[in-house]
Amino acid sequence: MFGCSPLILKLENIDLVNVEFCAQSGEIVQDPRSIYKIAQFPGETYVRHDQYPGGTHVVQKLDDRIVIEIGIMRIECFADNSWRYQIEDAERGFKADLVHKPLCGGPLWYGRNTPSHLTQHSTTYGYNWSGQVEGNITYDGRTVHVKGAGIRERYVATDSSSAEIGGWEDWGWFHFDEAFGSMYDMKLGMKDFALNLVDGGAGGQYFPEGDFAIEHHEWVYLPQYGGFIPSEYKIRFEVEAGVLELCAHCATATTWGVTANVPDNPVATLMWDRVEGTFTSKEGQVKTLTNGFGGMSIRQWRPYPSITPPISAEGLTVGERFTTL
């Protein structure tokens, strides 16, 4: 798992750079002392958060691209909708050079023509776009070629209230060879998605509207999150061309903003290493989708006081573990 972002916080007059890299998957184990299953997911292999004075970032508009530079990060945005991410941390031996490019269609837009109100006080503008990723990552003297799927986001918010958003939020994406897209489901606010169907690599169909439903299954306790997460998702999209159904399985997770104490509104990113899916056309033809991948960022409002006692996987032996992934 790899993630990076430049954050420009106008009200705080701060520029931030966040980079996270995780090289291992985890497992889910049964606690023999209770009914709970516990997620044993490794933390980040490499993580760096840099803070700069506001206005440190530089934006250049060149003939064929827009370039953003700040600290160890450089992003190039091209006219063909591809983005190139370059990160070089010589001090800690980390380097990444990745190109993200959607195959066809368009992204999940929000606030493009009119402001998007996630809640009454949380107004946002931007898009999410799933696509293909290729490039290289170097860490600790080892370079690995990367070719797979990923998502990018451009996000502008005039305000963001975690307390309001915290009822439950699913913000996710998926990518198959034959179809890709992203979704947003906020229980106290909006619900939206976009679906792209690939047509032999020469074109495709873009569906920015329709209906979808998310089911959460196989809940497990994530200790560093201080709560339970769904380790399996079942999602159904209905568009004019047909129905796409997928089942996704969580392999690892990272938390946001969790320090010594878990916040009342914890946020985590779940990475799916195994995603199965089918697309049934309106004529009734069923196509099995291949090379599925994706992930989901979740936010929830924990009960206060928490009714769940602290749960730990410490002391479990190998014989007491079993993997559900």
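Partly exposed means a relative accessible area between the buried limit, under 20%, and the exposed limit, over 50%. Keep that scale in mind on this tour of a predicted model.

**Stop 1: Arg-236.** Select Arg-236 and Glu-238. They form a salt bridge, with the closest N and O atoms 2.9 Å apart. Arg-236 has 34% relative accessibility, so it counts as partly exposed. Glu-238, at 37%, is partly exposed too.

Stop 2: Select Arg-84 and Asp-97. Their closest N and O atoms are 2.7 Å apart, in a salt bridge. Arg-84 sits in strand 9 (residues 83–89) and Asp-97 in strand 10 (residues 94–101), so the pair ties together parts 13 residues apart in sequence.

Stop 3: Go to Lys-37 and Glu-218. This salt bridge has its closest N and O atoms 3.1 Å apart. Lys-37 is in strand 4 and Glu-218 in strand 19, 181 residues apart. The count of salt bridges comes to 15.

**Stop 4: a hairpin.** Select residues 122–139 and 142–157. These are strands 13 and 14, paired in the antiparallel sense over 16 bridges. Gln-132 stands opposite Ala-149. Between the strands are 2 residues, and Asp-140 takes a positive phi near 55°.

**Stop 5: a pocket.** Select Leu-197, Val-198, Gln-205, Phe-279 and Lys-287. Of the 14 residues lining the second largest pocket, these lie nearest its centre. Its volume is about 260 Å³. The lining has 6 nonpolar, 4 polar and 4 charged residues. Strand 23 supplies the largest share, 3 residues.

Note on methods: Residues numbered from 1 in each chain as written. Predicted model: local features only at pLDDT ≥ 70, side-chain atom pairs only at ≥ 80, totals over all residues. Heavy atoms only, no water. Pairing = 2+ DSSP bridges. Helix = DSSP H or I, 4+ residues; strand = E, 2+ residues; numbered from the N terminus. 1 Å grid on protein atoms, 1.4 Å probe; cavity = no way out; pocket = protein on both sides within 12 Å on 5 of 7 lines; lining within 4 Å. Points joined across faces, edges and corners; volume = space filled by probe spheres on them. Nonpolar A, V, L, I, M, F, W, Y, C, P; charged D, E, K, R; others polar. Salt bridge = Lys/Arg side-chain N within 4 Å of Asp/Glu carboxyl O. Buried < 20%, exposed > 50% of the residue type's maximum accessible area, 1.4 Å probe, protein only.
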